[in-house]
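Reader: Please take one part of this model and go through it closely. Keep it brisk, and give me the cut-offs for your terms as you go.

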Amino acid sequence: MMKRHNILAGAKKALKAMTLAGVLCTGVLVVQPAMAEGAQSGDVVKVRMGGDASQTRIVIELGKSVAGQVVTREGETSRQVIALPDIDLGDAMSGQGQGLVKDWRIDNVAGSTRLKLNFKSGAKIYRRFLLPPADGVSVYRYVIDVVPQNTDTSTPKAAPVPVIATTAQSQAQLAATKVRTKKIVVIDAGHGGKDPGALGGNTYEKDVNLAAAKALRDALTKTGRYTVIMTRDTDSFVDLAARVRIARSADADLFISLHSDAGGNGDTSGASIYTLSDSGTERAARKALVKGDWSLADGASTDAMVNRILIDLTQRATKNRSATFAQLVMDNISESTPLLKTNLRQAGLFVLLAPDVPAVLLEMGFVNNAKDEAMLNDSRHRAVMMGQVAKAIDLYFANNVQYASFAGLN
């Protein structure tokens, strides 16, 4: 697994960012739609497969995001079964395999949708990850890479050629699979697609959020110091759970969600920033202790109390880092942007729930306030404001503050 940021230190072994390698790779193998018996209905749109006997990739196209769970016993090499919670299958689907996969079937078992992969010879799952809609791709893609059973998976495996880049986001994720030389920053443009967000006089929130996210991406990329990953770079819908999973599976060092506020009679104006509240911390802890979402690492303690202590320690460090970054952002953008009187806020917002990724949600202004709306739509103001956010990010990583120590916990 890639090195996670310092906050995990001693608690790193108790958390799981992604199955096996925990690394997002670039692109998707040149894959062909798998021939399926039965109608393709429900949330499962299509199953595609590609690769050869050295590595085989299965891509399940879905109408919504999913946190898959391997339900077969550890060490199983003849087959693997993956549960797809909350996925409405419709009719069962099946087809012939390719490469290492003999055949596959998706059906409903005891009320749960499950994918069964039968292997031609001994094989194992190397990694799984989720790609959200982007760049004209309207579906989620749940990707599973399978390798021969004797393959060393202790280090990231390069994607076999030929590959094709499917999104601008996945190109950024390629850099994240290499030796970590840059901090990874995930920029989340709030709302998108069928979710327009707040409405101003003539502005949809989703549009100004995306414009600001691109301006921040450009400012960070220009420095050459960061790997930048966008949860969306087009007007596409990405659900909240997928946004958090993107940050965690990329082993992000920082997550910033960009939004535009609204409320009242239009008189309220100014920027504010949110970090995770105590109630949100408790919610995140519960999720972190549930297998299959933000789950504990394999081999973690079987003692529930010990696991909860590890989660609490991780969250405490994460909250400290998030609060430090939030203050830096407000200090810097105040040079160009009016702030709400109470601008440092806390809430249990879903996108802030990752227990091990420092995260903030920046409300850049009120889209239903005429003055703020004009600023949000002004490309020059956006460039200045996002430049100041980029400066806050520089300061955040340069300060090398000791937030919370795990010394003596190993």
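Author: Start with a pair of helices. Helix 2 and helix 7 cross in a right-handed way. A crossing is right-handed if the near helix is turned clockwise from the far one by less than a right angle, and left-handed if anticlockwise. Helices (H or I, at least four residues) and strands (E, at least two) are DSSP runs, numbered from the N terminus.

A word on the source. This is a predicted model, in which local features need pLDDT of at least 70 and side-chain atom pairs count only at pLDDT 80 or more, while totals for chains, interfaces and linings use all residues. Residues are numbered from 1 along each chain as its sequence is written, and side-chain values use heavy atoms, with hydrogens and water left out.

Back to the pair. The axes of helix 2 and helix 7 are 8 Å apart, and the packing angle is about 50 degrees. Helix 2 is therefore oblique to helix 7. Angles under 35 degrees count as roughly parallel, over 145 as roughly antiparallel, 65 to 115 as roughly perpendicular and the rest as oblique. Axes are lines fitted to C-alpha atoms, for helices over the stretch in contact; angles run from 0 to 180 degrees between N-to-C directions.

Now the contact itself (heavy atoms within 4.5 Å). Helix 2 supplies Val208, Ala211, Ala212, Ala215, Leu216, Ala219 and Leu220. Helix 7 brings Arg382, Met386, Val389, Ala390 and Ile393. By class, the contact has 11 nonpolar residues, no polar ones and 1 charged. Ala, Val, Leu, Ile, Met, Phe, Trp, Tyr, Cys and Pro count as nonpolar; Asp, Glu, Lys and Arg as charged; the others, Gly among them, as polar.

Two strands pair if DSSP finds at least two bridges between them. Strand 13 (residues 183–189) and strand 14 run parallel, joined by 5 bridges. Across that pairing, Ile187 faces Met230 of strand 14.

For context, turn to another stretch of the chain. Strand 3 (residues 44–51) and strand 4 (residues 56–62) run antiparallel, with 7 bridges between them. A hairpin of 4 residues links strand 3 to strand 4. Gly51 sits opposite Thr56 in strand 4.

Val143 belongs to strand 11 (residues 140–148). Val143 counts as buried because its relative accessibility is 0%. Buried means under 20% relative accessible area, exposed over 50%, and partly exposed in between (1.4 Å probe, protein chains only). Leaving aside neighbours within four places in sequence, Val143 is in contact with Arg57, Ile58, Val59, Arg127, Arg128, Phe129 and Leu131. Val143 and Met49 lie 94 residues apart in sequence, and their C-alpha atoms are 9.7 Å apart in space.
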